Amino acid sequence: MVLSLLLLLISVPGVFAQTAPTCGSECPNTQIEPFRMIGNIHWVGLSDHGSLLITTPEGHVMVDTGAEEFGGWVRENVQKLGFKLRDIKYIISTHGHADHVGGFSVMKEATGAKLLTAAGDAPVLADGGKSDFRSDTEMFRPVKVDQTFNDGFQLRLGGTVLTAHITPGHTRGCTTWTTTVEEDGKKYEAVIVCQVAIAGDRAPLVKNARYPAIADDFEKAFRVLKSLKSEVFLALRSTTFGREAKLKRMQAGEKPNPFIDPKGLPAYVVEYEKRFREQLEQDRKKY
Ligand SMILES: [Zn+2]
């Protein structure tokens, strides 16, 4: 009886945890337990690449999905927290790279959500990365964008307002989102940063025919990020904002919530602006 039940369970797909998808030797992604980070913002992503679920009484917003191969884990994580996939009304992105939006097409089908993206990233989403300006692009399944937006756009749902700040350079439409979260009766300004990482020789900062304005765009991104009030610093890569260490502190009962981190964004900007200026200097000699 026990053996036959076991065999039955093995034969039913999805009963046991999925085996780890292959994504190269440096892939740091494993499945982790989803959790509420702060206010109505939940982490439903993987150990490194993220997906955020922002919940409201009128439906939810998903920010990024990670790569398509991890989509099953993300969908499972949403349900583990007790939320329904069909209640996700909008999917939005930070930026159009495969490791952030590769799962959009499948997630859109699973949720029926409307896909909104910055005008600058819309062509890349529509052609699955073909028009990406980097020299070696990871392709992904193309997806239909339902609505594009520009700097300053606001997405409103169930009392939550998400404001889009275009911080270009990493991609043309790289979008940093800001919102207000409430934690233990207090309100905090949260920033969900879009990466400002340079791509080395894959996207030179000078004489770049595919993206002539790349250096000016990065300059703009740093200016915008410095202007934002950031009490809660969030990102879609765990390593960017110390997700793992902050979660451990939260699990240890630390108050106030360790995701409140006003120094996080300024420190991130200092580090990445330094890297940008160093490459700019090198590229000016090289190209
Ligand atoms: Zn990227």
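Why is strand β4 (residues 59–63) largely enclosed by the rest of the structure?

Quick housekeeping. Residues are numbered from 1 along each chain, as its sequence is written. This is a predicted model, so to speak of local features we need pLDDT of at least 70, side-chain atom pairs count only at pLDDT 80 or more, and totals for chains, interfaces and linings use all residues.

Okay, β4. Four of its five residues are buried, so the strand is largely enclosed. Buried here means that 20 or more other C-beta atoms, placed from the backbone, lie within 10 Å of the residue's own; 12 or fewer is exposed, and in between is partly exposed. And when I say strand, I mean a DSSP run of E with at least two residues, while a helix is a run of H or I with at least four, both numbered from the N terminus.

Who sits beside β4? On the one hand there's β3 (residues 52–56), which runs antiparallel to β4 and is joined to it by five bridges. Strands count as paired if DSSP finds at least two bridges between them. Two residues lie between β3 and β4, making a hairpin, and you can find Ile54 opposite Val61 of β4.

Then there's β5 (residues 88–92), paired with β4 in the parallel sense over four bridges. Look for His60 opposite Ile88 in β5. To get from β4 to β5, the chain goes through helix α2 (residues 71–80), and this β-α-β crossover is right-handed. That means, with the strands pointing away from you, the path from the first strand over the helix to the second runs clockwise.

Now the inside. The largest nonpolar core has 69 residues, and Met62, Val63, Ile91, Ile192 and Leu234 have the most contacts inside it. Such a core is a set of buried Ala, Val, Leu, Ile, Met, Phe, Trp, Tyr and Cys residues joined through C-beta atoms within 7 Å. Ile91 touches Met62 and Phe104, among others, leaving aside residues up to four places away in sequence.

Next, another part of the fold. Five strands make an open sheet with mixed pairing, in the order β8-β9-β10-β11-β12. Its edges are β8 (154–157) and β12 (232–234), each pairing on one side only. β11 (residues 186–192) and β12 pair in the parallel sense over three bridges, and Val191 stands opposite Phe233 in β12.

Zooming out, the protein has nine helices and 12 strands, and buried residues make up 45% of its 287 residues. That's my tour!

Technical notes. Two residues are in contact if their C-beta atoms, placed from the backbone, lie within 7 Å.
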